[in-house]
Amino acid sequence: MKDKIFDHIIHGGDYNPDQWINTPEIWDEDMRLMNLAHVNSATVGIFSWAMLEPEEGVYNFEFLDKILDKLYENGKDVILATPSGARPVWLSQKYPEVLRVEESGIRNEYGVRHNHCLTSPVYREKVRNINRLLAERYKDHPAVKMWHISNEYCGECHCELCQEAFREWLKKEYNYSLDELNFKWWNGFWSHQITDWSQINSPKFRGENHVSAMKLAWRRFVTDSTISFYENEIEPLREITPDIPITTNFMRLYNGIDYQKFAKKLDLVSWDNYPAWDRGFNIQEACDVAFVHDAFRTMGDGKPFFMMESTPSLVNWHPVNKLPRPRRQELSSIQAVAHGADSVQYFQWRKSRGGHEKYHGAVVDHCGHENTRVFSEVSHLGEVLEKLNSVVGGRTNSKVAVIADWENSWATEYFCGYNNNHREYFSECAKWYKPFWEKGIPVDVIAMDDDFNKYDLVIAPFLYMLKDGTKEHIEAYIKKGGNFVFTYLSGLVDKDDLCYLGGFPGEELKNVFGIRCEETDSIPEGMKNKVIYNGKEYDVVHVCDILHAEGAEIKGTYISDFYAYSPAVTLNNYGKGKAYYVAFRNDDDFTKDFCSELIATINIKSDCNIKAAAGVVIRKRADTIFVMNFADEEKKINLDREYKDIVNDNVISGSVTLPVCGYLILE
Ligand code: GLA
Ligand code: ZN
């Protein structure tokens, strides 16, 4: 599949004309408004199954024919969805096995969406059937450019079919004998030895839920069954429309499914971006969202991704739905493009009249016309995006990687001990990303088994679990000259959450880092410890390891408690590389200073010479530079030379003032 699917930025979003089936004049009005809004694409059919197949085996594609033709006549690209995210009622009624069984063991009744069994052969067959009909009917439709599979796959099913599938999956994927399984899962503890595979069930609060190794296995199984469900969905599409690329929309850092594994099955990664802007922490939110964009960009092998959904104004599902201030969404959309998105898409085009999401923001409000703040912002952004054809397909070259590994996120959640109130694995990863983001240095967000060799620096915050081969992987990277940072509670367990004996970080890694961790302390709320590093004091929060330096240079030490003066930051020269260990959880203050030092020592360059100001972030994508003001006040920046301002089509230089939510796109 090519890097570039379109030659322009896709601007559009979820379009649900089936909600307006009784007022088809609205469809014509939609076309007029889409043209006005500089919208060039629509994603259709996500929740249309009941309309397409009102009774079993009775089909009605007429409305979709009409809509696709209308969109085509108006020059819009269509992203066509498969409808498995929400089933018709008749299907659930006739085949109750398609309904999901919750952890309680109780089968759901019909309702809401995203709640089907992942294993049910009936559901899989029904999905394949409707998908096949869609592919056959629209394979040559000139508007159809991409498949959107289902919607936000999530959750799990605990029905007997899924339990049996779990047992079979375990036998095949883990390939342990029962004795090995009992050993790896440490089932001798509390007399939990398994004597027959049938004794294995999914984890549940009223059953087995303290065997972390088994919970890890279950998450891996749920990932694989979701992928297998997806593969079942796309089988007819691959056969009938082999040239139409396929994506499915991911949800931020949802960790119910291993996205890093799933992403490998997609032609293009896409995700739904709903930041909580304007609640008083915009710069942090901008950083967290940037981190997610980079995670998805990296998952797609650095190829451009799609921002499949975002809201043009507010959502309806935050506890309090604050309106983002004018132009905040525009800046948020530009940020997506800066980080590698080739699309800006919304949920949804026209606000629903009824139902659960009738107060969720949409491009066209209930008033039905274009004279709204939101509509004019969307159409203004559409005009800007039309000027960005040269950005499409552009990549970013990162020399720094932060490991944020989905399987490790599960492992850090499931173990019991140390500071049980504070795990926050992905936030920890984002904390180590932030100092680079602030300086305009691009960072890849990788899994622990990704290739490290293209990076000058790899940071692995809280890498509690090591998968098979990770130890060797880290060791080889450092030996060859890599710079690697481990933080507290790293390398404690293997992929079955079984502790390494002999102290951590696991086995050979102690030698690589020249340290041995002996104990781990947790810091209760209201208590403090501090570290002194380069003559400056830094807070220790939540958790810290107590180390012995065994060859490593001690660069920082604790200040108080019985382990005062013991090492808190170490550096070991190993092979041609450097192995750092930061033994404590810190706040932004430390990461900022420590990473600045790393950037200087390793000589990591920002790929552009414009100096950022606080709250103003610079990001280069291929040859385009994005300067974005996330601060709540106007900011001045100095351009180091003349640049072409793509949005205003002129040449600028010297000092430039960026208003709140202002941005520049330069070449
Ligand atoms: C998700 C779903 C959409 C819609 C939006 C609302 O992203 O995919 O169908 O419900 O949330 O924010
Ligand atoms: Zn099931």
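**Reading a predicted model, feature by feature**

User: Where is glycine 506 found?

Analyst: Glycine 506 is found in the loop between strand 13 and helix 16. Keep in mind that this model is predicted.

User: How do I read burial, and is glycine 506 buried or exposed?

Analyst: Compare the relative accessible area with two cut-offs: under 20% is buried, over 50% is exposed, and partly exposed lies in between. Glycine 506 has 0% relative accessibility, so it counts as buried.

User: How far is glycine 506 from arginine 124 in sequence and in space?

Analyst: Two separations are given here, one along the chain and one between C-alpha atoms. Glycine 506 and arginine 124 are 382 residues apart in sequence, and their C-alpha atoms are 43 Å apart in space.

User: What are the two separations for glutamine 345 and isoleucine 10?

Analyst: Glutamine 345 and isoleucine 10 are 335 residues apart in sequence, with 7.4 Å from C-alpha to C-alpha. Glutamine 345 is part of strand 9, and its relative accessibility of 0% makes it buried.

User: Which strand holds glutamate 537, and how far is this residue from threonine 557?

Analyst: Glutamate 537 belongs to strand 16, residues 536-540. It lies 20 residues from threonine 557 along the chain, and the two C-alpha atoms are separated by 9.8 Å. Glutamate 537 counts as partly exposed, because its relative accessibility is 44%.

User: How do I read a cis peptide bond, and which residues does one join in the loop that holds proline 505?

Analyst: Look at the omega angle of the bond. Phenylalanine 504 and proline 505 are joined by a cis peptide bond with omega about 0°. Proline 505 sits in the loop between strand 13 (483-487) and helix 16 (508-513).

User: Which residue is joined to glutamine 348 by a cis peptide bond?

Analyst: That residue is phenylalanine 347, and omega is about -15°. Glutamine 348 lies in the loop between strand 9 (341-346) and helix 12 (373-385).

User: What is the phi of glutamate 424?

Analyst: Glutamate 424 has a positive phi of about 45°, although it is not a glycine. Its place is the loop between helix 13 and helix 14, and its 33% relative accessibility makes it partly exposed.

User: How do I check the length of helix 14?

Analyst: Compare the expected span with the distance between the end C-alpha atoms. At 1.5 Å a residue, the 14 residues of helix 14 (residues 425-438) should span 20 Å; the ends are 21 Å apart, which agrees.

User: How do I read a polar contact, and what lies 3.2 Å from the side chain of asparagine 408?

Analyst: Look for a pair of N or O atoms within 3.5 Å. A polar side-chain atom of asparagine 408 is 3.2 Å from the backbone nitrogen of tyrosine 464. Asparagine 408 is in helix 13 (residues 406-414) and is buried, with a relative accessible area of 0%.

User: Which residues surround ligand 1?

Analyst: The residues around ligand 1 include Phe47, Asp272, Tyr274, Trp317, Phe347 and His360. The shell divides into 4 nonpolar, 2 polar and 5 charged residues.

Methods
Residues are numbered from 1 along each chain as its sequence is written. Chains are lettered from A and ligands numbered from 1 in the order in which they are written. This is a predicted model: local features need pLDDT of at least 70, side-chain atom pairs count only at pLDDT 80 or more; totals for chains, interfaces and linings use all residues. Side-chain values use heavy atoms; hydrogens and water are left out. A residue is near a molecule or strand if one of its heavy atoms lies within 4 Å of it. Ala, Val, Leu, Ile, Met, Phe, Trp, Tyr, Cys and Pro count as nonpolar, Asp, Glu, Lys and Arg as charged, and the others, Gly among them, as polar. Helices (H or I, at least four residues) and strands (E, at least two) are DSSP runs, numbered from the N terminus. The expected span of a helix is 1.5 Å times one less than its number of residues. Buried means under 20% relative accessible area, exposed over 50%, partly exposed in between (1.4 Å probe, protein chains only). A polar contact is a pair of N or O atoms within 3.5 Å; within protein, one must be able to donate a hydrogen and the other to accept it, and residues adjacent in sequence count only if both atoms are side-chain atoms.
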